[in-house]
Structures are given as structure tokens and as C-alpha cells.
Amino acid sequence: MSRSVLVTGGAGFIGSHVCERLLSRGDEVICLDNLDDYYDPAIKRSHLHHLSALEGFTSVTGDIRDPQLLEHIARNHRIDGIIHLAARAGVRPSIQEPALYVDVNLNGTTQLLEMARNHSIDHFVFASSSSVYGDRNEVPFRETDPVDQPVSPYAATKKAGEVICHAFHHLHDINIFCLRYFTVYGPRQRPEMAIHRFTSMIQQGQAIPMFGDGSMERDFTYIDDIVTGTISALDRVSGFEILNLGNHRSIRLDGLIELIGKSCGLPVEIDRLPAPAGDVSRTCASIDKANQLLGYSPQTPIEDGVEKFVSWFNAQQQKNKC
């Protein structure tokens, strides 16, 4: 049976893929995005242009912090579930603008939960982040690990989002799954994110900025796997749960740069820089719980995912030249 799903942040990287997958299986999608200038809004508009050609898609431009807009959407559309992806993203920028991150990420989430409460929408998926685990060395990260010491305002807002979600579940019996995403990458990735940025710089013959000694490790998760897990969460959400969505395999920063250079078929020059504040040294997801509750099993190793990304990037470059 098809559903009508509100996807916040649906014009973005993860959101556009989620919308596309939902539409492909026959669901109706209402995309809410404010098209802000965190990165070039033209990129998001191109995603919307693509999605608008698909049957069942509706786009609304606006802010998740606007209760009147949310009320208008709820009154004019049947909404069976919410996938809440919209957020002010990025660890380092959050250090410069903490109040903005709290306002968008926490107040915005609360407004959406109020919308769900007021209109009896009992399927809610919240995009959290692996950053809530802070700077810890014990791996893999498990959902039962303590997460009370975030090292950036961004991480703190995601932890706070999980907490307010639990309160709404407890008080109003809304089914909510909070998904802790581990460094998502793939086609349409935001241009400032590592794999996209490094690919672009290598193609242009620029030196790659490598923070620290290259030993920083990340659990990179391919977009298709994240989308599969997210939609499975919407389909299976029951009660309140926090779930990791990762690849369960980490790669060092220097190894990642080498892998991208190999996929590009080009030499790589490194510009060594000090490790910045707010970054953690390592991430690696335990995905046992997601496998048990969602049937989640990532299919794309980093080697294949980087190859796919570089192929997409090259195709985009060719299209832009035409």
C-alpha cells in the first residue's frame, strides 16, 4: 500500500535520493526544503527539477521552524509518515554559529514533532549522526555507548534531537526511530564533503589538505545503503529506537586520499595541516541492531563506492562542459 511521506531536507544530498526511492515504489512525497545557501542552492534546485518529473512528487519551499507552514502542509496533504533529514550540517561550521545550529536542528525538530502530535502522524524517522559518540577510541560504536560528551555544537544538537524525540514518544506515543548516520557519500554529495572535495581538487591538480598525520579514520557509508536503511526504518518504525546506519568498516584518511587518487588515475599531492577542533579521531559503527530490526546490511564497500562516485563526478563535469 502506497504512503504519503513528508521528507524534510528533500532537495539535499541524502534527501533527494530518499525522495527518489520512495517515488520509485509508488509512494507520494511532499518535499520540504528551505533551499538555504549553506552550499549553492542551484544544486538543490537541480535535484528538485529531476524529482518534479516523477509522478507523486510535491515540492514546498519553506522552513521547518515555521509552525504556520507546517500546519498548512498538514491540512492540505495526507501525511502518513515523516522522514526528517533537514538540518544545519557540518561539525566545523557549527563551532562558528552554535546558536543557529541549535535553532534549526533542535527547534526545527521540535516543531515537526508538534506537527506529528497535532495531526496523529505516528511514523517518524529522525536523522541523527555518528558525531554524538564524541571522540572515543573503543570501536565499534554501539547504541548503548554513553553519548554525553559531544565535541561540537552540531553533535550536541543531534543528541538533543534524539532526547526530544524520546520525550514526544513517551508523552504522545509517536513511533520514532533515530538513525545515527556514519559519514554518508555518493553521487550528489555536498561539494564541501571530503570525497567530493578531494576528487575535485585531484582532478584540478591541487594539493589535498590532510588534517593531522592521516591516521584519522571514518566509517564511510554509501548513499544507496543509507537510503535502504532509512526507508526500512520508516516501514518498520515501532516504539522508540536509536540505530546506527554505517558500513561497519573504517578507512584512514591517508588511505582514502590514496584510493580517490587511484580511482581518478592521477597523482596526489598532500598539504599537511593541524587537526582541527571538533573533529573526532575515529568512527566505526556496530550495525547489529539495525540488521536485527531493519534487515540492514550494507552492500557497497568503500573501494566500489569511490569508483561509483568518481564516475558520477566525471559525468557531471562532462555535462557541465556541454
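Predicted model: local features only at pLDDT ≥ 70, side-chain atom pairs only at ≥ 80, totals over all residues.
Strand β1 covers residues 4-8 and is mostly covered, with 5 of its 5 residues buried. S4, L6 and T8 point one way from the strand, V5 and V7 point the other way, and all are buried. The partner of β1 is strand β2, residues 28-33; 5 bridges join the two, and they run parallel.

Helix α1 (residues 13-24) packs against helix α8 (residues 223-236), their axes coming within 10 Å and crossing at roughly 60°. The two helices are therefore oblique to each other, and the crossing of α1 and α8 is right-handed. On the α1 side the contact is made by F13, I14, H17, V18, R21 and L22, and on the α8 side by I223, D224, I226, V227, T228, T230, I231 and L234. Sorted by class, this contact of α1 with α8 has 9 nonpolar, 3 polar and 2 charged residues.

From α5, the residues in contact are P98, Y101, V102, N105, L106, T109, T110, L113, E114 and R117; they meet P153, Y154, T157, A160, G161, I164, C165, F168 and H172 of α6. By class, the contact of α5 with α6 has 11 nonpolar, 6 polar and 2 charged residues.

Notes. Residues numbered from 1 in each chain as written. Heavy atoms only, no water. Contact = heavy atoms within 4.5 Å. Helix = DSSP H or I, 4+ residues; strand = E, 2+ residues; numbered from the N terminus. Nonpolar A, V, L, I, M, F, W, Y, C, P; charged D, E, K, R; others polar. Buried < 20%, exposed > 50% of the residue type's maximum accessible area, 1.4 Å probe, protein only. Pairing = 2+ DSSP bridges. Axes fitted to C-alpha atoms, helices over the stretch in contact; angles between N-to-C directions. Parallel < 35°, antiparallel > 145°, perpendicular 65-115°, else oblique. Left-handed = near helix turned anticlockwise from the far one by under 90°.
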